[in-house]
Amino acid sequence: MTKPQVSEDDLGFDAAHIWHPYTSMQNRYQMFPVVSASGVQLTLNDGRQLVDGMASWWSVIHGYNHPILNAAIQQQLGLMAHVMFGGLTHKPAIDLARKLVAITPEPLQQVFFSDSGSVAVEVAIKMALQYQQAKGNTQKKRLLTVKRGYHGDTFSAMSVCDPEQGMHMLFQGVLTEQLFAPAPQSPFSGAWQPDELAAVKQLFKQHHSEIAAFIIEPIVQGAGGMRFYAAEYLAEISKLCNQYQVLLIADEIATGFGRTGKLFACEHAGVAPDILCVGKALTGGYMSFAATLCTEEVSQVISKEGVLMHGPTFMANPLACSVANASIDLLLEQDWQGTIAQIEQGLTQGLAYCSSLPQVADVRVLGAIGVVELKQPVDMHQVQPMFVEQGIWVRPFGKLVYVMPPYIISKEQLTLLCQGICNVITQLGE
Ligand SMILES: *Cc1c(COP(=O)(O)O)cnc(C)c1O
């Protein structure tokens, strides 16, 4: 074997100087140096290969090092890597906006490009506030949402994350105080209990004069608990929003681009939001990029009073737009529904064994998302190396062991992934 790329000294420097997501600089988890990735496989510094179950947090839908996506970036690189978007425009951005307008629910017509999911959420909130202000609804300044949500790490996004079990409790008192309805209860595949709407209806009724928008992750609550809820819930929320002049913001940053079996999860409920956020899989996981779409109505009301007050430096980065265009084309030109259905079946079969284990509270699958919820939180120091030992890359949080693999995962790789998860969870009970 050739000399490892990352030395012990490098790892020591990393531990002493580099923040990783949600880490302490003192009580560090072991970091696994990765040197390359191709298809569904990550290659570690020591030569070990892991089947990736995470798609780098929902984003790498076509797998790593994809020749078509690589070519799209390389071609654009020869023209221009970046150019400011103030006063200038370019073909990659125009093509991408065309595609997004075409594939998202029909009323969404205007596109704002930004650099990350959290910023896309900030922009969505800003749109809602500017809309209500321009309408003369000057009291409508707050947001209504549901518990167990996750919308990002910037301040307005944090203000609508779960206030109790979320990652941002620390900032209570600093964050804008929003309104929280109970988390949706009826499961996606199960009986719809209309009674569960009582609390949220009450919130609408009592507070509508101060609510600018309702923000929610359609069908799948991701980082706030990996919960799949009934389409009826979303449909009813959409009706309540209309009734009370509250805008509906759908955060499809995790669910967008086919992950749940529909191109966008809103489609499960036949709902068209006023504002829609996409990110994560937008570029096939190649670059940090996101977009916020809004309806003609929202954009017209904002624009008649002035300008939308946002404009990031790297807005509509041409490399990101180009790879996003290639990624969307790649998705749409294949039988992605068939692919997702196969993964859903593979996950359902592969994880079924876990249901029988006493340490497991629930096993659920929707589209290309598989979740094993344990009764106790996992100890990350303990379990992360166990997954690597099984030859798979899975990164649990709290009580949740979950996967959302790249769509190109083979049947054999999916079997290996599920078996590895079952093995680790079995060992946890011993
Ligand atoms: C990941 C995520 C975000 C935040 O996106 P970043 O790119 O990490 O800023 C927002 N909303 C949802 C639903 C997400 O899954």
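What follows is a chat about a predicted model, its ligand and a few of its residues.

Visitor: Let's start with the ligand: which residues surround the ligand?
Guide: Keep in mind that this is a predicted model. Around the ligand sit S116, G117, S118, Y150, H151, G152, E217, D251, I253, A254 and K280.

Visitor: At what distance is a nitrogen atom of the ligand from the side chain of D251?
Guide: A polar contact needs a pair of N or O atoms within 3.5 Å. The ligand nitrogen and an N or O atom in the D251 side chain make such a pair, at 2.7 Å.

Visitor: How much of the ligand's accessible area does the protein cover?
Guide: On its own, the ligand has 380 Å² of accessible area. The share of this that the protein covers is 82%.

Visitor: Is G117 buried or exposed?
Guide: G117 belongs to helix α5, residues 117-134. Beyond four places in sequence, G117 touches I253 and A290. Its relative accessibility is 16%, and the limit for buried is under 20%, so G117 is buried.

Visitor: Where is K280 found, and is K280 buried, partly exposed or exposed?
Guide: K280 sits in the loop between β11 (275-278) and β12 (290-295). Leaving out residues up to four places away, its contacts are W57, W58, S59, I253, A254, G285 and F289. A relative accessibility of 30% falls between the 20% and 50% limits, so K280 is partly exposed.

Visitor: UniProt places a "binding site" feature at W57, Y150, K280, G311 and R395; how far apart are the farthest two C-alpha atoms?
Guide: That feature comes from an unreviewed UniProt entry. Its residues span 339 residues in sequence, and they do not all gather at one spot, because the farthest two C-alpha atoms are apart by 34.2 Å.

Visitor: There is also a "binding site" annotation on G117, S118, D251, P312 and T313; up to what distance are they spread in space?
Guide: This one is likewise a UniProt annotation from an unreviewed entry. These residues are spread over 197 residues of sequence, and between C-alpha atoms the spread goes up to 23.0 Å.

Visitor: G311 and P312 lie in the loop between α9 and α10; which of them is exposed and which is buried?
Guide: That loop runs between α9 (296-305) and α10 (318-332). P312 touches F112, F113, S114 and D115, not counting residues up to four places away. With 17% relative accessibility P312 is buried, while at 58% the exposed one is G311.

Visitor: Which backbone oxygens does the side chain of Q221 reach?
Guide: Q221 lies in strand β8, residues 220-221, and is buried, with a relative accessible area of 0%. A polar atom of its side chain is 3.0 Å from the backbone oxygen of K147. At 3.4 Å, the side chain also reaches the backbone oxygen of R148.

Visitor: What separates the C-alpha atoms of A250 and E267?
Guide: A250 is part of strand β10, residues 247-251, and counts as buried at 3% relative accessibility. Its contacts beyond four places in sequence include I216, P218 and C266. A250 and E267 are 17 residues apart along the chain, and their C-alpha atoms are separated by 11 Å.

Visitor: And what is the C-alpha separation of L416 and G350?
Guide: L416 is in helix α13, residues 411-428, and is partly exposed at 39%. Beyond four places in sequence, L416 touches V51, Q390, G391 and I392. G350 is 66 residues away along the chain, with a C-alpha separation of 8.9 Å.

Methods
Residues numbered from 1 in each chain as written. Predicted model: local features only at pLDDT ≥ 70, side-chain atom pairs only at ≥ 80, totals over all residues. Heavy atoms only, no water. Helix = DSSP H or I, 4+ residues; strand = E, 2+ residues; numbered from the N terminus. Buried < 20%, exposed > 50% of the residue type's maximum accessible area, 1.4 Å probe, protein only. Polar contact = N/O pair within 3.5 Å; in protein donor to acceptor, adjacent residues only side chain to side chain. Near = heavy atom within 4 Å. Areas by Shrake-Rupley, 256 points an atom, 1.4 Å probe, with all protein chains shown as cover. UniProt positions renumbered as here; feature names shortened; annotations may be inferred. Contact = heavy atoms within 4.5 Å.
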